[in-house]
Amino acid sequence: MNWVLVGLGGLLGSLSRYGVSLLLQRVTDSTNYPLGILTVNVVGCFVGGLVLARSDVDAGLSPELKLFLVVGFLGGFTTFSALGMDTHSILQDGQLAKALLNVVLNVVVGTAAVWAGFQLAAPARGG
């Protein structure tokens, strides 16, 4: 059943991300800034914070609902929310340096990996 919850949540999260991105692309087409991605990331982190807070204080938030929302929906909506929630957890443990390292490694190494993958797969550019 957990697989179904994650899959359904992921489907709904991915469709929501696509819809938000399309909507904001129309609104911000003239700015040439990826506002859709920023919005999805910020909203996903905010919702992740809400879910984490409620799961800490509200016994009514079942493990299945948390799985559906966090792993499924937010995982499909934005994996950036997972980075935000993991970093928040590290900060809650009082480990500022580890939290900063987590953010820097994910952003810098992730971006470098995109570049490396692009370089590997892109057709050779001759001069």
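This is a predicted model: local features need pLDDT of at least 70, side-chain atom pairs count only at pLDDT 80 or more; totals for chains, interfaces and linings use all residues.
I located Val109 in helix H5; helices here are DSSP runs of H or I of at least four residues, numbered from the N terminus. Residues are numbered from 1 along each chain as its sequence is written, and side-chain values use heavy atoms, leaving out hydrogens and water.

I looked up the cover of Val109: its relative accessible area is 49%, therefore it is partly exposed (buried is under 20%, exposed over 50%, partly exposed in between; 1.4 Å probe, protein chains only).

I turned to helix H4, residues 80–92. Its 13 residues should span 18 Å at 1.5 Å a residue, and the end C-alpha atoms are 18 Å apart, which agrees; the expected span is 1.5 Å times one less than the number of residues. I listed its buried residues as Ser81, Leu83, Met85, Thr87 and Ile90.

I examined Thr87 of H4 and noted that it counts as buried because its relative accessibility is 9%. A polar atom of its side chain lies 2.8 Å from the backbone oxygen of Leu83. Leaving aside residues up to four places away in sequence, I found that Thr87 touches Ala99, Asn102 and Val103 (contact: heavy atoms within 4.5 Å).

I then checked Asp93, in the loop between H4 and H5 (96–121). Asp93 counts as exposed because its relative accessibility is 55%. I recorded 23 Å between the C-alpha atoms of Asp93 and Val42, which are 51 residues apart along the chain. Gly94, which follows H4, has a positive phi near 75°.

Methods. Helices (H or I, at least four residues) and strands (E, at least two) are DSSP runs, numbered from the N terminus. A polar contact is a pair of N or O atoms within 3.5 Å; within protein, one must be able to donate a hydrogen and the other to accept it, and residues adjacent in sequence count only if both atoms are side-chain atoms.
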